[in-house]
Amino acid sequence: MRVTGQPLSDVSGQKPQQTNAPKADQNAAQTATKSASNAGVAVVIGGAARSLSKDSVNQHSEIDNAKVQAVKASIKDGTFVVNPEAIADKLLSNSQDLLNTTLK
C-alpha cells in the first residue's frame, strides 16, 4: 500500500524484522519479495512444506485408471450425472474425520 507515493513501511519508519530462518529460506524470501513487486503477492514455501510435497509424491496412490477414463468419457459425452446426496455424505464424513483427528 502506498501513502503519498511512499511505501507503508517507509511511512512508519520501521524496518521489517529479521527472523532466525535458515539462509536458504531467507534467500527464497528475498527472491519472492523482489519478484512480488511485479507479480502482486509473495509466496514462500518453507522446508517443512517442501518435505511434505516430496513425501506425497513418493507415496503410491491407488487410482483406478479405468474409472478415471470412464468418468472422463461420460463428462465428454455429456452423460455424467452428479449425485448431490453422495457428495454431501462424503463431505460430512470427511468433516467428521477431520474433527475427530484435530480433537485428539
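Colleague: What should the 20 residues of H5 span at 1.5 Å a residue, and how far apart are its end C-alpha atoms?

Modeller: This is a predicted model. In it, the end C-alpha atoms of H5 are 28 Å apart, which agrees with the 28 Å that its 20 residues should span at 1.5 Å a residue.

Colleague: How many residues of H5 are buried?

Modeller: The number is zero out of 20, so H5 lies largely in the open.

Colleague: Which contact is found at the start of H5?

Modeller: A side-chain oxygen of Asn-83 comes to within 3.2 Å of the backbone nitrogen of Glu-85 there.

Colleague: Now H4. What does it reach from its first C-alpha to its last?

Modeller: H4 covers residues 65-77, which is 13 residues, and reaches 18 Å, close to the 18 Å expected at 1.5 Å a residue.

Colleague: How many of the residues of H4 are buried?

Modeller: One of the 13 is buried, so H4 too lies largely in the open. Ser-74 lies in this helix and is buried, with a relative accessible area of 15%; the cut-off for buried is under 20%.

Colleague: What does Ser-74 touch, leaving out residues up to four places away in sequence?

Modeller: Ser-74 touches Thr-79 and Phe-80.

Colleague: Which residue follows H4, and what is its phi?

Modeller: Gly-78 follows H4, and its phi is positive, near 85°.

Colleague: You mentioned Phe-80. Where is its place?

Modeller: Phe-80 is in the loop between H4 and helix H5, the latter being residues 84-103. Its relative accessible area is 41%, which makes Phe-80 partly exposed.

Colleague: Which residues form the nonpolar patch on the surface?

Modeller: The patch is formed by Ile-75, Phe-80, Val-82 and Ile-87, and together they have about 390 Å² of accessible area.

Colleague: Let us turn to the whole chain. In what order do its elements run?

Modeller: From the N terminus on, the order is β-β-α-α-α-α-α; the chain has two strands and five helices.

Colleague: And what percentage of the residues of the chain count as buried?

Modeller: Of its 104 residues, 4% count as buried. The chain exposes about 9,600 Å², and 57% of that area is supplied by carbon and sulfur atoms.

Technical notes: Residues numbered from 1 in each chain as written. Predicted model: local features only at pLDDT ≥ 70, side-chain atom pairs only at ≥ 80, totals over all residues. Heavy atoms only, no water. Helix = DSSP H or I, 4+ residues; strand = E, 2+ residues; numbered from the N terminus. Expected span 1.5 Å × (residues − 1). Buried < 20%, exposed > 50% of the residue type's maximum accessible area, 1.4 Å probe, protein only. Patch = residues over 30% accessible without salt bridge, like charges linked within 9 Å, V, L, I, M, F, W, Y side chains within 5 Å. Areas by Shrake-Rupley, 256 points an atom, 1.4 Å probe, with all protein chains shown as cover. Salt bridge = Lys/Arg side-chain N within 4 Å of Asp/Glu carboxyl O. Contact = heavy atoms within 4.5 Å. Polar contact = N/O pair within 3.5 Å; in protein donor to acceptor, adjacent residues only side chain to side chain.
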